[in-house]
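Hi everyone, thanks for making time. I'd like to walk you through the chain interfaces in one model, so let me put it up on the screen.

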Amino acid sequence: MRFITEFRRSDLAKGLIAQINQRSHAPARLMEFCGGHTVTIFKYGIRQTLPDNIEMVSGPGCPICVTANTDLDKAIALAKMPQVIIATFGDMLKVPGSHTTLQELKADGADVRIVYSALDAIAIAEGNPTSSIVFLGIGFETTAPTIAASVLQAEKKRISNYYVLSLHKLCPPVIRAILDSGEVEIHGLVCPGHVSVIIGSHPWDFIARDYGIPCVIAGFEPLDILQCVAMLVDQVESGRSEVEIAYRRGVRPEGNEEAIRLMEQVFEPGPAAWRGIGEVPDSGLKIRKEYQHFDAAIAFDIDPGQPYEPEGCICGDILRGIKTPPDCQLFGNACTPQYPVGPCMVSSEGTCSAYYNYGEGP
Amino acid sequence: MCLAIPALVKSIEDKEAEAEIGGITRRISLWLTPEAKVGDYVLIHTGYAISILDQEEAEETLKLFEEIASLGGEEV
Amino acid sequence: MGESEKFEKILLSHGSGGKLAHELVEKHFVRVFDNPLLARLDDSAVFTVSGRLAFTTDSYVVSPIFFPGGDIGKLAVCGTVNDLAMSGARPLCLSLSLIIEEGLPLSELETIVESIQSVAIEAGVTIVTGDTKVVNRGSADKIFINTAGIGIIPENVDISGSNAKPGDKVLLSGPIGDHGIAVLSQREGLSFTTRLESDCAPLNSLVAEMLNVSADIHCLRDPTRGGLATTLNELANQSTVSIRIEEEKVPVHEAVLAACEMLGLDPLYIANEGKLVAIVPAEDADKILRAMRRNRYGKEASLIGEVSANNPGRVVMKTRIGSSRIVDMLVGDPLPRIC
């Protein structure tokens, strides 16, 4: 597969690994923010290849993991309503809300359907005119423009039974919140590749400028991660802090202006609750008034009930990068992929899930 | 997050395209990349093209890796 | 022309044991499966067999019932034939039980029955007994099939999931993931088109040829639901050994890789219906591999790994870039994801 296979070549990986090991001396705690990066790092055993002075920690970049309990409870409340079809990305199916999951509700007869694209949800709306289709809008800035486009497409087709429950979140504000909390000292940031495809490189400037932390925007193949680490090491060793793009085949400094325009046409920033972090101002997306007839939060009287967080679950600390899964009492015994307690274990790119599934073999 | 994969645009109709990767074809939306042309590689995320892949940059990056590999050489 | 010919759909009466039911059985099953045991239509098929028997059963509920490369009928025969073959048995005969949802078009049933016979002929098995039930609309998803099968195991063949020994080699008969992805491509909400077909196939001839060159095969298993990863974990646990494989040695068709990339799935966990994993003594690995490659269902067979004693129960994979990672068993369904 073009532009994928070449970026997995083992001969080129060896070269990058050698360079990193030769040039890296200073301690470097590098945080990857994006769950997709976490998966690549674990899937390819990247940490094993790095020298001991480099430590990789995972941040809250898994949009599933950071979905607040209450938000999931809202989705579940909607699923229970008559004549409502929930359309969702597969990621959300098994995430525990306060009391249950969408998967369990589905087994009980709720109409919950997995889709690959918001366009599939629109097709369901067209095919089921007497039902209301609520699409669960999760994801960061990569996904939000696609949902915005779907709203505009639904409007163009005059579809009146398509709704979006916007649970979208924005990355830069939450990274700022984590850095401001001062809980974890990082020496470099692996910046999300596909979020940056949309928003470009400038939204990350404040990290290098105000916090003095090197940033490199990385792609998702193993060579991309290794290149990113090599570039971060270079910055750390030479005392620079800049925003650099490693993922040059996908990311332009100005981002995708059309995607940004569409996203801003349909959404505006609003407060959002991040699991384990709490409410971060202007870190979520709300549907604008002009499109409120597509807003599930307005169209339906949603009562999510009282939220309940399971005891012992430290997903919040793990999402903030101050603890790792082995630090959690529940990890591997009460909390496993078969019987997950918190979202970090459910999501295929959650930190706990990555640790559990991939481990690091002998 | 954000699985997006590179696929080749085979045909375009209005704001939609047929894109192909490894023998799989899928209908995708070009709402976010209206300037895409047949023959472009685009990054597809949830059925939408989010970016046109810069093939030159891709080649440059691989060339860079090859240089590093030929200089580095140490078996790790 | 009998009464059932006038009907285009299966009705509840077709399962009630009356005239309509008898016509259905005679015209559509006995006629097609064409063997003296079945034609007697006794309550049981009666025959003499001697030797060590292998006996297995499976139910098939795949949806959609027609998919690229096969249908539920073909799957039902291959699945049970393969389970017998995985014990080293030569499959003899099958039972066939159908639970049909009322309203199933007769033409679809006919296609499925032809499919069953076609694969049965290839595998050299006969359908000797069966049963048909018809249930109310909504009580079954078009058609469910159960097959049970009997086979005879040659003397001095001892194949079991607990026989793997440290030093053994792990062989895989061909590319993984075809079936699961072919079926997934038909599911609503995941629309993509591919020329990929299910790899559904009867593997008893492949196993027979392998046993011809070496009677000392330790384990055989077909990686169906849960994929190669789950099967290797099962074997590692049953034999209390660890298995180490190399990513680059595991064949995967490009279309499977592409679909997995698109949907966020891992080919290691995708179902196969025409592949087998063999664990064999190291000294026999080469000749068994060559025998596999001579068979139409083993042309792309590959040596993918080996068995060792440390860390029993663990499956480890050496990745493309040279590092290692654990390959765990599948938990639940592989769900397409965006992240």
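**Two interfaces, one chain at a time**

Let me begin with chain B and chain C, where the rule finds 2 residue pairs in polar contact across the interface, both at pLDDT 80 or more. Please keep in mind that this is a predicted model.

How many salt bridges does the rule find across the interface of chain B and chain C? The count there is 0.

Now, where on chain B does this side come from? Strand S3 of chain B, residues 24-29, provides the largest share of the side that touches chain C, with 3 residues. Sorted by class, that side of chain B holds 6 nonpolar residues, 5 polar ones and 1 charged.

In terms of contacts, 12 residues of chain B meet 17 residues of chain C. The area buried between chain B and chain C is about 1200 Å², and carbon and sulfur atoms account for 65% of it. On the chain B side, the residues that lose the most area to chain C are Leu3(B), Ile24(B) and Arg26(B), which together make up 47% of what that side buries.

Let's move over to the other interface, chain A with chain B. Here 54 residues of chain A are in contact with 40 residues of chain B. Between them, chain A and chain B bury about 4000 Å², with 66% of that on carbon and sulfur atoms. Which three residues supply more than any others of the area that chain A buries against chain B? They are Phe3(A), Tyr116(A) and Arg249(A), and their part comes to 15%.

For those of you who like charges, there are 3 salt bridges between chain A and chain B. One that I can show you joins Glu59(B) to Arg2(A), with the closest N and O atoms 3.1 Å apart. Residue pairs in polar contact between chain A and chain B number 13, both partners being at pLDDT 80 or more.

If you colour by element, several helices of chain A give two or more residues to the side that touches chain B, including H2 (35-43), H6 (118-127), H7 (144-156) and H11 (222-238). The one that gives the most is H1(A), with 9 residues. As for the classes, the side of chain A that touches chain B has 26 nonpolar, 16 polar and 12 charged residues.

Definitions and conventions:
Residues are numbered from 1 along each chain as its sequence is written. Chains are lettered from A and ligands numbered from 1 in the order in which they are written. This is a predicted model: local features need pLDDT of at least 70, side-chain atom pairs count only at pLDDT 80 or more; totals for chains, interfaces and linings use all residues. Side-chain values use heavy atoms; hydrogens and water are left out. Contact means heavy atoms within 4.5 Å. Buried area is the accessible area (1.4 Å probe) that two parts lose on being put together, summed over both. A salt bridge is a side-chain nitrogen of Lys or Arg within 4 Å of a carboxyl oxygen of Asp or Glu. A polar contact is a pair of N or O atoms within 3.5 Å; within protein, one must be able to donate a hydrogen and the other to accept it, and residues adjacent in sequence count only if both atoms are side-chain atoms. Helices (H or I, at least four residues) and strands (E, at least two) are DSSP runs, numbered from the N terminus. Ala, Val, Leu, Ile, Met, Phe, Trp, Tyr, Cys and Pro count as nonpolar, Asp, Glu, Lys and Arg as charged, and the others, Gly among them, as polar.
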